[in-house]
Amino acid sequence: MSEPRQTHFGARTVDLAAKQGLVDDVFRSVARRYDLMNDLMSGGLHRAWKDALVTAVNPPKGDRPFAVIDAAGGTGDIAFRVCDINAEMLAVGRERALERGLDGAVSFIDGNAEALPFPDKSFDAYTIAFGIRNVPRIERALAEAYRVLKPGARFLCLEFSAVDVPGLDALYDLYSFNVIPALGRTVAGDAEAYRYLVESIRRFPKPQVFAGMISNAGFRRVSFRPLTGGIVALHSGWRL
Ligand SMILES: C[S@@+](CC[C@H](N)C(=O)[O-])C[C@H]1O[C@@H](n2cnc3c(N)ncnc32)[C@H](O)[C@@H]1O
């Protein structure tokens with residue numbers, strides 16, 4: 001099946017080939033304020049969501065090596081092996097790993113989730129947190145996740161989702177379209193970047209549809225779990 005030539009960049013329709021450059025501009029612009037903005041925008045909740053993801057990875061106890069790739073890893077919050085397309089986000093991540101004495105345990109690799117620079121069947125788990133909706137060709141990223149995972153390994157994706165609590169949806173919209181761009185302007189000096197982030201959340205497929213995409217990539221036992229009234233969902237699938 002041929003790929004569509006156009007896609008969404010937030011609320012705008014853009015050529016598929018142009019999207020990655022626009023996404024890169026957003027994260028280049030906000031990299032230095034990215035961590036602070038996450039705490040402010042989510043009232044710290046992003047930490048609990050990421051904890052849920054890391055808990056689900058559940059590496060075996062003991063010394064057996066367990067290789068995890070965290071795609072679109074940004075500044076390294078999930079931090080096992082971080083692969084991200086944006087050098088500025090990776091630079092912040094490397095500094096944080098150094099500060100925490102983790103620089104030996106985590107490698108930060110410049111790479112595209114659509115064409116991962118790793119051999120087939122090399123990882124025991126693949127994680128991606130708030131990254132996949134930024135990737136222009138989501139199907140390619142899912143196919144790559146499948147390719148690099150070993151048989152028996154797990155795919156885990158944290159992404160914004162569809163709020164399913166009456167009342168919370170209206171409040172969430174109000175907050176997203178008003179407070180977040182204003183915070184972006186004041187704290188990160190870029191309201192547009194944060195308007196893009198909000199719009200891209202709205203454009204992302206509903207969780208059932210995204211689960212179908214994960215299945216189509218070849219994953220089995222596909223499931224998702226809504227967190228915080230559906231603001232976020234944790235998606236899971238296995239390469240069997
Ligand atoms: C919202 S941030 C998420 C960062 C981190 N995972 C977190 O949860 O804090 C999205 C990240 O996706 C990265 N990204 C966008 N397109 C990408 C691609 N094609 N391949 C890899 N990373 C990409 C961006 O550079 C950015 O660091």
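**Group meeting talk: helices, cores and a ligand site**

Helix α2 is followed by G43, and the phi of G43 is positive, near 60 degrees. Elements here are DSSP runs, numbered from the N terminus: helices are H or I with at least four residues, strands are E with at least two.

Ground rules next. This is a predicted model, where local features need pLDDT of at least 70, side-chain atom pairs count only at pLDDT 80 or more, and totals for chains, interfaces and linings use all residues. Residues are numbered from 1 along each chain as its sequence is written, and side-chain values use heavy atoms, with hydrogens and water left out.

Back to α2. Which residues of α2 are buried? They are Y34, M37, N38, M41 and S42. Buried means under 20% relative accessible area, exposed means over 50%, and partly exposed is in between, with a 1.4 Å probe and protein chains only. Those α2 residues cover an arc of only 105 degrees around the axis, which puts them on the same side of α2. The arc is taken over the directions from the helix axis to the C-beta atoms.

Contact means heavy atoms within 4.5 Å.

Take N38, in helix α2. N38 has a relative accessible area of 10%, so it is buried. Leaving out residues up to four places away in sequence, N38 touches H46 and K50. Now step across to H46, in helix α3. H46 is buried too, with a relative accessible area of 5%.

At 30% relative accessibility, V54 counts as partly exposed. V54 and R239 are 185 residues apart in sequence, and their C-alpha atoms are 18 Å apart in space.

On to α1, residues 16-30. Its 15 residues should span 21 Å at 1.5 Å a residue, and the end C-alpha atoms are 23 Å apart, which agrees. The expected span is 1.5 Å times one less than the number of residues. The buried residues of α1 are L16, K19, Q20, V23, D24, V26, F27 and V30. Down the axis of α1 they fall within an arc of 160 degrees, so they line one face of the helix. What covers them includes strands β1 (6-9) and β2 (12-15), plus helices α2 (34-42), α4 (87-99), α6 (168-188) and α7 (191-203).

How many residues surround the ligand? The count is 20, and the closest are Y34, D84, N112, A113 and A129. The cut-off is a heavy atom within 4 Å. Now the polar contacts, meaning pairs of N or O atoms within 3.5 Å; within protein, one must be able to donate a hydrogen and the other to accept it, and residues adjacent in sequence count only if both atoms are side-chain atoms. A nitrogen atom of the ligand is 2.9 Å from an N or O atom in the side chain of Q20. For A72, a polar backbone atom lies 2.9 Å from a ligand nitrogen. For A113, a polar backbone atom lies 2.8 Å from a ligand nitrogen.

A72 sits in the loop between β3 and β4 (81-84). A72 is not a glycine, yet its phi is positive, about 50 degrees. Its relative accessible area is 25%, so A72 is partly exposed.

T228 also has a positive phi of about 50 degrees without being a glycine. T228 is in the loop between β8 (220-227) and β9 (232-239). With a relative accessible area of 35%, T228 is partly exposed.

Then D164, in the loop between β7 and α6. D164 is partly exposed, at 49% relative accessibility. Not counting residues up to four places away in sequence, D164 touches P226, G229 and G230. The C-alpha atoms of D164 and I231 are 8.1 Å apart, though 67 residues separate them along the chain.

Last, the cores. A nonpolar core is a set of buried Ala, Val, Leu, Ile, Met, Phe, Trp, Tyr and Cys residues joined through side-chain atoms within 4.5 Å. The largest has 26 residues, and I69, F118, Y126, I132, L142, F155 and F210 touch the most other members. Elements giving two or more residues to this core are β3 (68-71), β6 (123-129), α5 (138-148), β7 (149-160) and α8 (207-216). The largest share, five residues, comes from α5. Apart from this core lies another, of 21 residues, among them M41, M89, L183 and L197.
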